[in-house]
Amino acid sequence: MIAKIKRAKEFADVIEVRFDCLTSDQIDPTFAMIDALQISRQLIATFRPVAQGGRKDVSLGERKEFWQKTHERCFAADVEEDVFPFAASWKRRIASFHDFDGGSVNLNGVFEALSNTDADVIKMAVTVDDISDSIPVWNLRERAKDGKKIVPIAMGEAGKWTRILGLAHGAFLTYASLDDGDKTAPGQISARDLIETYRIKELDLETTVYGVIGDPVSESLSPYMHNGAFAEQKVNAVFIPLQVRDLNEFICRMVKRETREVELNFNGFSVTMPHKQAIIKHLDSIDAAAENIGAVNTVKIENDKLIGYNTDAYGFITPLKELYGDLKGANVFVFGAGGAARACAFGLKQEGGEVTIVARNKSKADQVANELGVRSGQLDAYYDPTADIVVNATPLGMKGELENDCLFTAEQLEGVKFIYDLVTRADDTPLIREAKKANIPAIGGIEMLLHQGAKQFEIWTGQTAPIGKIKAALTKKIQQTQK
Ligand code: NAP
């Protein structure tokens, strides 16, 4: 605990110390050790039962006894409502409520009860399942009275945005974990990411907000790309994860001017699975590439109108042309018949390539091929990839269960001139390893991710994207996550 307090000083303005992590005989000596540190930060003491997020089950009696002891030091008390009166002698107090179950909570009733205490700050932390469920807790900000400060937090992946945007919108504090793997509540972000990636201390009410809409979005690399680009270009904007399950609710209650219940200054979105097709019906217009591919991965909001784009085809083609050259007449086999394969086939066809979509499920390959006006094939164990360019648009080689799986061996790839594996990995995918064995030039998915993101940045800001900066941020994050 002492070592962590010392480390937390690097990032934190205020450090929360959770005394329910200690055995009862450790508590007094720990207070003394912290005193001896003479730390130049405000400290907050917590002593919670498990139901309110504590580490061990402390009894009501133990909690009353803990709060009755006055600690004259630099500690503020963060106390649950039931034992709040016992902390009367602490100089600064937060009255807090935590709901870790995500069940139905009488938010207004709890808020009123906490408001009626003489606490300086009210903290409400409520678990949410979908993003729109965070609206009621977020909007409590407007109801703080008698000079009380408020900390509204929606916990869970779907509530992450409240942790990032809170300070800019009047929240008194935001909580962060010391390290990535050290979260004390669901959806908590590391202090380093909040400060360095999301730049929360620089955000204000003028900040334009972008985000990735999807489910899940916890592994998305887009925040690292776009926030790096905003910082580099000194754009007052932030890019946040938006875990959206019910797209209709999100668009209606959080985005559309006529019906929204929050004012977040959204300017655009990156859209990912499973909403790339479903978003279309909510848009005011859509560009030709997105229309032809049948999917939107980028939304720009302009004069309250939602405009859809697809930057995947551009992102795929740009590095390929740089490395392969003219694609006119190139014989390209695209393996997989999902969203990525569609974007690739569309881009290749526009460049004059001869495209064949090859998938395990032949009827799916036929359908995509018919819609895009290209050829189709059936993927089986004996498939012979006699093409100029082979594209892997399947999940084979992705980190996890399929990370050692590969479409072809080096011997099977003989005669192929170029390999493009869309899977994003810091190290070589199995297909790229086979390509290297066969001396075939190859690239992985990072290049596509980078260029589709750069195009999004240009659509949103009208500025040229700082590709070098984005690539560095992206590569660093991929290396960290794959360690
Ligand atoms: P998707 O819509 O789920 O499509 C995946 C395709 O792969 C389907 O046609 C599926 O066929 C096929 N497939 C799945 N498992 C397979 C297996 N074991 N063997 C052979 N084929 C298999 O996914 P997506 O969005 O198109 O993404 C596909 C890949 O591209 C993923 O690895 C994704 O990470 C990558 N990607 C990269 C970027 C980038 O920027 N680098 C962008 C988008 C996607 P069935 O129907 O037969 O299962």
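**Figure 1. Helices α12 and α15 at the ligand.** In this predicted model, α12 (339–350) and α15 (446–461) each supply at least two residues of the shell around the ligand. Helices are DSSP runs of H or I with at least four residues, strands are DSSP runs of E with at least two, and both are numbered from the N terminus. The ligand is surrounded by 20 residues, and the closest are Ala337, Ala340, Arg360, Lys364 and Gly445.

Local features need pLDDT of at least 70 and side-chain atom pairs count only at pLDDT 80 or more, whereas totals for chains, interfaces and linings use all residues. Residues are numbered from 1 along each chain as its sequence is written, and side-chain values use heavy atoms, with hydrogens and water left out.

**Figure 2. Backbone atoms facing polar atoms of the ligand.** Ala337 places a backbone N or O atom 2.7 Å from an oxygen atom of the ligand. For Gly339, a backbone N or O atom lies 3.2 Å from an oxygen atom of the ligand. At Gly445, a polar backbone atom is 2.9 Å from a nitrogen atom of the ligand. The ligand on its own has 910 Å² of accessible area, and the protein covers 76% of this. Accessible areas come from the Shrake-Rupley method with a 1.4 Å probe; for residues, only the protein chains shown count as cover. A polar contact is a pair of N or O atoms within 3.5 Å; within protein, one must be able to donate a hydrogen and the other to accept it, and residues adjacent in sequence count only if both atoms are side-chain atoms.

Figure 3. His282 sits in the loop between β9 (266–271) and β10 (285–286). His282 counts as buried because its relative accessible area is 12%. Buried means under 20% relative accessible area, exposed means over 50%, and partly exposed lies in between (1.4 Å probe, protein chains only). Between the side chains of His282 and Asn248 there is a polar contact of 2.9 Å. Not counting residues up to four places away in sequence, His282 touches Leu247, Asn248, Ile251, Lys256 and Leu306. Contact means heavy atoms within 4.5 Å.

**Figure 4. Thr208 in strand β7.** Thr208 belongs to strand β7, which covers residues 208–214. Thr208 counts as buried because its relative accessibility is 18%. With neighbours within four places in sequence left aside, Thr208 is in contact with Asn236, Ala237, Val238, Asn265 and Asn267.

Figure 5. The peptide bond from Asp215 to Pro216 is cis, with omega near 10°. Pro216 is located in the loop between β7 and α8 (222–233). Met273 and Pro274 are also joined by a cis peptide bond, with omega about 0°. Pro274 lies in the loop between β9 and β10, the loop that holds His282.

Figure 6. Gln38, a residue other than glycine, has a positive phi near 50°. The loop between α2 (24–37) and β2 (42–46) contains Gln38. Gln38 counts as exposed because its relative accessibility is 70%. Asn303 likewise has a positive phi near 50° and is not a glycine. The loop of Asn303 runs between β11 (298–302) and β12 (305–309). Asn303 is exposed, given a relative accessible area of 73%.

Figure 7. Asn116 is placed in the loop between α4 (107–115) and β5 (121–127). With a relative accessibility of 61%, Asn116 counts as exposed. Asn116 and Ala95 are 21 residues apart along the chain, and their C-alpha atoms are separated by 9.9 Å.

Figure 8. The chain has 16 helices and 18 strands. Its C-alpha trace spans about 80 × 50 × 40 Å along the principal axes. Of the 483 residues in the chain, 54% are buried. Among contacts between residues at least 6 apart in sequence, 65% join residues at least 24 apart. The accessible surface of the chain is about 21200 Å², and carbon and sulfur atoms account for 47% of this area.

Definitions and conventions:
Near = heavy atom within 4 Å.
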